[in-house]
Amino acid sequence: MKDIIRIENLCRDFVVGSETVHALRDVSFSIQPGEFVTIMGTSGSGKSTLLNMLGCLDIPTSGEYYLDGKPVREMGKNDRASYRNLKIGFIFQSYNLLPKTTALENVELPLLYNPSVSKRVRREKALNALKAVGLENRVNHRSNQMSGGQQQRVAIARAMVNDPVILLADEATGNLDTRTSYEILALFQRLHAEGRTIIFVTHNPEIAEFSSRNILLRDGRVVEDKKNSRIGSARQVLEALPKEID
Ligand SMILES: Nc1ncnc2c1ncn2[C@@H]1O[C@H](COP(=O)(O)OP(=O)(O)O)[C@@H](O)[C@H]1O
Ligand SMILES: [Mg+2]
């Protein structure tokens with residue numbers, strides 16, 4: 001099958017004063033459509049730097065990145081931005097929603113850059129995305145009127161509204177309690193089962209059990225890259241957790 005992502009000898013240096021930080025050192029791998037990859041590593045190992053690269057938010061110091069077969073280096077800035085907007089959905093630890101803005105408006109946002117989508121279609125797509133994450137009864141709630149788990153669901157709906165081929169998540173469960181983390185993880189597993197390619201960055205080794213492949217980073221290098229043949233069910237873990245007392 002064709003690689004959706006291929007990186008070759010990727011390096012990213014940051015120059016800070018007289019020091020150079022080698023955040024990524026000679027990283028190479030390919031990801032195929034439909035994989036659910038966790039990228040694991042302790043704080044400072046280069047996970048976010050790598051994810052920003054994969055999401056075309058940053059450019060490598062050296063090495064090549066082919067997204068859906070196209071060399072990202074050769075794309076112009078505008079091409080890269082529109083490619084990113086259409087092909088990639090981002091989810092962050094801190095949700096990055098607009099404050100005091102409704103769930104619906106937040107999810108409609110990525111579609112505003114697409115002139116071929118009418119206002120009516122925009123609303124319809126945003127409502128469908130919110131429904132897919134189980135928030136159909138919260139569409140008019142503002143960000144500050146929702147729990148962390150609900151805000152992360154809005155962020156996931158926003159990431160999915162353009163029907164991207166890849167979802168990139170950076171510590172997406174990092175701010176959430178155990179139960180809510182498994183709920184969000186179960187949602188990612190469902191999106192994966194529906195055929196999405198997911199790359200989920202985390203420092204939490206327990207999460208690798210729920211993905212189909214785990215890449216371990218240490219000091220900016222890949223030190224392990226393993227397929228997981230016994231993928232755990234976050235839904236099952238969730239059902240086994242003690243119920244919350246209302
Ligand atoms: N913009 C930046 N400027 C300078 N150094 C950076 C920058 N971003 C990341 N780094 C450094 O690169 C290394 C990897 O960082 P990061 O990718 O954020 O790690 P992780 O997400 O695994 O915690 C760290 O040493 C960090 O301090
Ligand atoms: Mg990070």
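**The ligand shell and the fold**

Modeller: Around ligand 1 stand Phe14, Val16, Val21, Ala23, Gly41, Ser43, Gly44, Ser45, Gly46, Lys47, Ser48 and Thr49. This is a predicted model, in which local features need pLDDT of at least 70, side-chain atom pairs count only at pLDDT 80 or more, and totals for chains, interfaces and linings use all residues. Residues are numbered from 1 along each chain as its sequence is written, while chains are lettered from A and ligands numbered from 1 in the order in which they are written.

Biologist: What makes a residue near a molecule?

Modeller: Its C-beta atom, placed from the backbone, must lie within 6 Å of the molecule.

Biologist: Which elements each supply at least two residues of the shell around ligand 1?

Modeller: β1, β2 and α1 (47-54) do. The largest share, 3 residues, comes from α1. Helices (H or I, at least four residues) and strands (E, at least two) are DSSP runs, numbered from the N terminus. The protein has 7 helices and 10 strands.

Biologist: How many residues of the shell around ligand 1 are nonpolar, polar and charged?

Modeller: The shell has 4 nonpolar, 7 polar and 1 charged residues. Ala, Val, Leu, Ile, Met, Phe, Trp, Tyr, Cys and Pro count as nonpolar; Asp, Glu, Lys and Arg count as charged; the others, Gly among them, are polar.

Biologist: Why are β1 and β2 called paired?

Modeller: Pairing requires at least two DSSP bridges. Strand β1 (residues 5-16) and strand β2 (residues 19-31) are joined by 9, so they pair. They run antiparallel, and Leu10 stands opposite Val27 in β2. The two strands form a hairpin with 2 residues between them. In the turn, Gly17 has a positive phi of about 60 degrees.

Biologist: Why is Ile215 called buried?

Modeller: Buried takes 20 or more other C-beta atoms within 10 Å of the residue's own, exposed 12 or fewer, partly exposed in between, with C-beta atoms placed from the backbone. Ile215 has 23, so it is buried. It lies in strand β9 (residues 213-218). Of the 246 residues of the protein, 39% count as buried.

Biologist: What does Ile215 touch, residues up to four places away in sequence aside?

Modeller: Phe29, Val37, Ile39, Val222 and Asp225. A contact needs C-beta atoms, placed from the backbone, within 7 Å. Ile215 and Met40 are 175 residues apart in sequence, yet 6.1 Å apart in space, C-alpha to C-alpha.

Conventions. Two residues are in contact if their C-beta atoms, placed from the backbone, lie within 7 Å.
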